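Subject: Structure handover

Hello,

Here is the structure I promised to pass on to you.

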Amino acid sequence: MSYKIFVDTCADMPEAMAKENDFGIIRFMSVFGGEAFVTGTELTNEQFYEKLTKSEEIPTTSQTPYADFYETLKQASLDYDTVIYFAMSSKASGQYNTACMIRNEILEEDNPNADIRIVDT
């Protein structure tokens with residue numbers, strides 16, 4: 001049985017650890033004013049803190065873009081027997097609920113035999 005584990009950027013998992021353990025990372029967006037960056041790829045932690053010290057506004061975050069999130073989970077469901085996603089707590093973000101909607105859509109439209117497990121941390 002093959003499986004793929006995903007966490008999101010709120011887990012703050014170092015890239016080296018993710019690669020070593022073959023964990024996928026579902027990335028949130030960091031928003032400074034009108035500029036949005038994919039956390040961890042378009043904006044490193046160091047760059048985030050540098051922008052934070054220079055910004056007059058408090059940055060915000062947003063969920064992973066739906067289409068990106070969907071494609072990531074769909075492809076994983078085709079490549080692995082089981083997909084497990086440890087989502088940020090549903091009390092702190094809508095990411096868990098979005099992941100559940102995506103899972104249901106994949107089951108209905110793309111892969112009815114998919115085993116996608118979403119964990120509300």
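Glu 71 is partly exposed, with a relative accessible area of 42%, while Lys 74 is buried at 18%. (Buried means under 20% relative accessible area, exposed over 50%, and partly exposed in between, using a 1.4 Å probe and protein chains only.) Glu 71 and Lys 74 form a salt bridge whose closest N and O atoms are 3.8 Å apart; the term stands for a side-chain nitrogen of Lys or Arg within 4 Å of a carboxyl oxygen of Asp or Glu. Both residues belong to helix α3, three residues apart, or about one turn of the helix. Helices (H or I, at least four residues) and strands (E, at least two) are DSSP runs, numbered from the N terminus.

Before going further, some housekeeping. This is a predicted model, in which local features need pLDDT of at least 70 and side-chain atom pairs count only at pLDDT 80 or more, whereas totals for chains, interfaces and linings use all residues. Residues are numbered from 1 along each chain as its sequence is written, and side-chain values use heavy atoms, with hydrogens and water left out.

Back to the charges: the count of salt bridges comes to five. Another of them links Glu 50 to Lys 54, with 3.2 Å between the closest N and O atoms. These two sit four residues apart in helix α2 (residues 45-54), so about one helical turn separates them. Glu 50 is partly exposed at 45%, and Lys 54 is exposed at 64%. Asp 115 and Arg 117 also meet through their side chains, at 2.9 Å from N to O. Asp 115 is partly exposed at 23%, as is Arg 117 at 43%.

Now for the strands. Met 29 and Val 31 point one way from β3 (residues 29-32), Ser 30 and Phe 32 point the other way, and all are buried. β3 runs antiparallel to β4 (residues 35-38), and four bridges join them; strands count as paired if DSSP finds at least two bridges between them. Met 29 has Val 38 of β4 as its bridge partner. The hairpin of β3 and β4 has two residues between the strands, and Gly 33 takes a positive phi near 60° there. β3 also pairs with β5 (residues 60-62), in the antiparallel sense over three bridges, and Ser 30 stands opposite Thr 61.

What about the interior? The largest nonpolar core has 16 residues, of which Phe 6, Phe 69, Leu 73, Tyr 85, Ile 106 and Ile 118 touch the most other members. The elements giving two or more residues to this core are α3 (66-79), β6 (82-87), α4 (95-109) and β7 (115-120). Such a core is a set of buried Ala, Val, Leu, Ile, Met, Phe, Trp, Tyr and Cys residues joined through side-chain atoms within 4.5 Å. Setting aside neighbours within four places in sequence, Ile 118 is in contact (heavy atoms within 4.5 Å) with Tyr 85, Ala 87, Tyr 96, Ala 99, Cys 100 and Arg 103.

Best wishes
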